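I opened my notebook for a friendly look around this one. Here is what I looked up, entry by entry.

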Amino acid sequence: MYSKQRLSFISASLIVFLSTSVALAQAQKYSSAVHRIRQEYQTKHFDKANEMAQRLLKRQEASEGKDSPYLIETLNLVIASACAGKKCADTTPWLQQLLELRAKVLGPDHPHVAVTLAMLGENAEMKGELAKAKQYYKQALAIRIKVEPALVEPTRKNLVRIENKMRSKVTKM
């Protein structure tokens, strides 16, 4: 006969095992699709890779939900293939979603959150949205000062470039 404490431990262990098994099954479920997308990307078929990544993202959002951590890798593939295919300016919605997921999963001061903020800054700058770009770069800088000192100076340079563009825009008016 098992004690209540022992049964409780066995139940908890079983729950952990099952949830881990489900998580592994979910990851494996998409691994072949991710592999095919990477192959297309590596052979420089960026449009095809992007189309495949967007389809996978839609499937994952439908089955896992839009706030699932499983989407992070697929969002990276969507963004990378779009940018490689010279369509970086179109990635804002995915970058926003990636930012939210990374902040939720990794924490708001994680270096990957800073990378995503910097990418949003570049994206806004490409579109001429300099005030937005400045805000994103400031947020990225604040994180990098705390956790990624090697990237503080390049991020400061991005801010200076944006501020110079903003000044020259005002001067031209």
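**Entry 1: Asn158.** I started with Asn158, which sits in helix α7, residues 152–172. A reminder to myself: the model is predicted. Buried or exposed, I wondered, is Asn158? Its relative accessibility comes out at 16%, and the cut-off for buried is under 20%, so Asn158 counts as buried. I then checked its side chain for partners and found a polar contact with the side chain of Arg161, at 3.0 Å.

**Entry 2: Arg59.** Next I went to helix α2, which spans residues 46–64 and holds Arg59. Arg59 has 48% relative accessibility. Exposed would need over 50%, so I noted Arg59 as partly exposed. Which residues does Arg59 touch, leaving aside those up to four places away in sequence? I found Tyr30 and Ala33.

**Entry 3: the disulfide.** I searched the whole structure for disulfides and got one. Cys83 and Cys88 form it, with their sulfur atoms 1.9 Å apart. Cys83 has a relative accessible area of 24%, so I put it down as partly exposed.

**Entry 4: α5 against α6.** How do helix α5 and helix α6 pack? Helix α5 covers residues 111–126 and helix α6 covers residues 130–147; their axes lie 8 Å apart, at an angle of about 160°. Over 145 degrees counts as roughly antiparallel, so that is what α5 is to α6. The crossing of the two is left-handed. I listed the residues that make the contact: from α5 they include Pro111, Val113, Leu117, Leu120 and Glu125, and from α6 they include Leu130, Tyr136, Tyr137, Ile143 and Val147.

**Entry 5: the whole protein.** Last, I zoomed out. I counted seven helices and zero strands, and along the sequence the pattern reads α-α-α-α-α-α-α. The protein has 173 residues, and 35% of them count as buried. What share of the contacts with a separation of 6 or more comes from residues 24 or more positions apart? My entry for that share is 55%.

Terms used:
Residues numbered from 1 in each chain as written. Predicted model: local features only at pLDDT ≥ 70, side-chain atom pairs only at ≥ 80, totals over all residues. Heavy atoms only, no water. Disulfide = S-S within 2.5 Å. Buried < 20%, exposed > 50% of the residue type's maximum accessible area, 1.4 Å probe, protein only. Helix = DSSP H or I, 4+ residues; strand = E, 2+ residues; numbered from the N terminus. Polar contact = N/O pair within 3.5 Å; in protein donor to acceptor, adjacent residues only side chain to side chain. Contact = heavy atoms within 4.5 Å. Axes fitted to C-alpha atoms, helices over the stretch in contact; angles between N-to-C directions. Parallel < 35°, antiparallel > 145°, perpendicular 65-115°, else oblique. Left-handed = near helix turned anticlockwise from the far one by under 90°.
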